[in-house]
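Please look over the sequence and the structure shown here before reading on. The report after them goes through a few features in turn.

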Amino acid sequence: MNTSTHTSTHTTTHLSARPRRSALYLPASNPKAIAKARTLAADIVILDLEDAVAPEMKASAREAAVAAVREGGFGAAEVAIRANGLDTEWGADDLAAIAGSGVDAVLVPKVSSPQDIARFNDALAHAPAALQLWTMIETCGSVLRLDAMGAMAASTRLSLWVMGTNDLAKEMRARLRPDRAPFLPMLGMAVAAARAHGLTILDGVCNEFRDQSVFRAEAAQGLLYGFDGKSLIHPDQIEPCNAVYSPSRDDLAWAEGVIAAFALPENAGKGAIRVDGKMTELLHLEEARRLVAMAEMIARAEATQGIDA
Ligand code: COA
Ligand code: MG
């Protein structure tokens, strides 16, 4: 299940309501990007040691990532470090450094099986209990073993998945195009598996960071499929992504109507009622409460960041 060091003071909010709308990657080898990330409104910052960092920069990027976490300054954002795989020459050193860094989460690449998740989890045996394990869904093997991998959430630190559509495209030899047709079946299955096992799930990146209309359409497609948020590669993608993944005014009006209707004395003890001419069940009440809780957390985070809602 989701754990978070940041929600403990808000006893009335659902853990699953923590906004994870936007997750910005940046190469940990790029000090300008790290400085910039501290000024941005991404819900998650991912300091990358893997594909965005050249081999000769791996060791210095690792040091820079740990130093950046220790220095802090990322506001309300959760911070993750993406490690190299355990089958690379850098993976073990990455995990050891990350385990002692105080970061919120370690994101690990190219896992394809429950055994792969167990290896990473074992490598973190001595890390603080609050350190979460997040994994990429980016190999063909991983999309074929989603259910078994998701089940690992019950016995490990696993709490979140990130789709890695660039690597999936490469392994499948599929083409990336704006409608993402080749990937739609696995996007839907990955969301279903994440929900079945109580994981948060983030959509893959949109490489087109200069074309806002392509980005907005892709972000909206991810929302339609049920993702909690989207991984991003450029600061310009944050605001549109947060907008797409925030509960809309209509969503909130619906949610407040549902909550109010279930609170009426004549509806006490009922499982299904009529709201605005539609059948509305207790499962809708749960979703309504989640939306309201998320909107409250977003408003609180924006207030602390001094950002206009
Ligand atoms: N995080 C934080 N800051 C970023 C950033 C990111 N992901 N991408 C760009 N910036 C900063 C730049 O440093 C620059 O800062 P400045 O105004 O202080 O000079 C500013 O935003 C504008 O950058 P821009 O010129 O538009 O982009 P670029 O051509 O320098 O970089 C990329 C383009 C794609 C190389 C860069 O966005 C990037 O490295 N993205 C992340 C890649 C990554 O982590 N991939 C792994 C996961 S898929
Ligand atoms: Mg990848």
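Predicted model: local features only at pLDDT ≥ 70, side-chain atom pairs only at ≥ 80, totals over all residues.

## Nonpolar cores

The largest nonpolar core contains 63 residues, and L47, V106 and W161 have the most contacts inside it. Helix α8 (residues 184-196) supplies the largest share of this core, six residues.

Beyond its neighbours within four places in sequence, L47 touches a set of residues including L26, I34, V69, V79 and I81. R82 is also in contact with L47. Another core, of 13 residues, lies apart from the largest one; among its members are A23, A105, W134 and M136.

## The magnesium ion

Which residues coordinate the magnesium ion (ligand 2)? E138 and D167 do, through OE and OD atoms respectively, at 2.0 to 2.1 Å. E138 sits in the loop between β5 (132-137) and α5 (140-144), while D167 belongs to helix α7 (residues 165-172), so the pair ties together parts that are 29 residues apart in sequence. Both E138 and D167 are buried.

## Salt bridges

The model has 16 salt bridges. One of them joins the side chains of K110 and E50, at 2.6 Å from N to O. K110 is in the loop between β4 (105-108) and α4 (114-123), and E50 is in the loop between β2 (44-48) and α2 (58-71), 60 residues apart. K110 has a relative accessible area of 33% and is partly exposed, whereas E50, at 5%, is buried. K110 also meets the side chain of D51 in a salt bridge of 3.2 Å, N to O. D51 is partly exposed, with a relative accessible area of 49%.

K230 and D203 form a further salt bridge, with their closest N and O atoms 3.8 Å apart. K230 lies in strand β8 (residues 229-232) and D203 in strand β7 (residues 200-203), so this pair connects parts 27 residues apart in sequence. K230 and D203 are both buried. Through shared partners, salt bridges join D48, E50, D51, R82, K110 and D167 into one network.

## A buried glutamate

E78 is part of strand β3 (residues 78-82). Is E78 buried or exposed? Its relative accessible area is 1%, so E78 counts as buried. The side chain of E78 makes a polar contact with the side chain of R20, at 2.8 Å.

## Cysteines

How many disulfides does the whole structure have? A search finds zero. For C241, the closest cysteine sulfur is in C206, 10 Å away, which is too far for a bond. C241 is buried, with a relative accessible area of 0%, while C140 is partly exposed at 26%.

Note on methods
Residues numbered from 1 in each chain as written. Chains lettered and ligands numbered in written order. Heavy atoms only, no water. Disulfide = S-S within 2.5 Å. Buried < 20%, exposed > 50% of the residue type's maximum accessible area, 1.4 Å probe, protein only. Core = buried A, V, L, I, M, F, W, Y, C linked by side-chain atoms within 4.5 Å. Helix = DSSP H or I, 4+ residues; strand = E, 2+ residues; numbered from the N terminus. Contact = heavy atoms within 4.5 Å. Polar contact = N/O pair within 3.5 Å; in protein donor to acceptor, adjacent residues only side chain to side chain. Donors = N, O, S within 2.8 Å, 3.2 Å for Na, K, Ca; no water. Salt bridge = Lys/Arg side-chain N within 4 Å of Asp/Glu carboxyl O.
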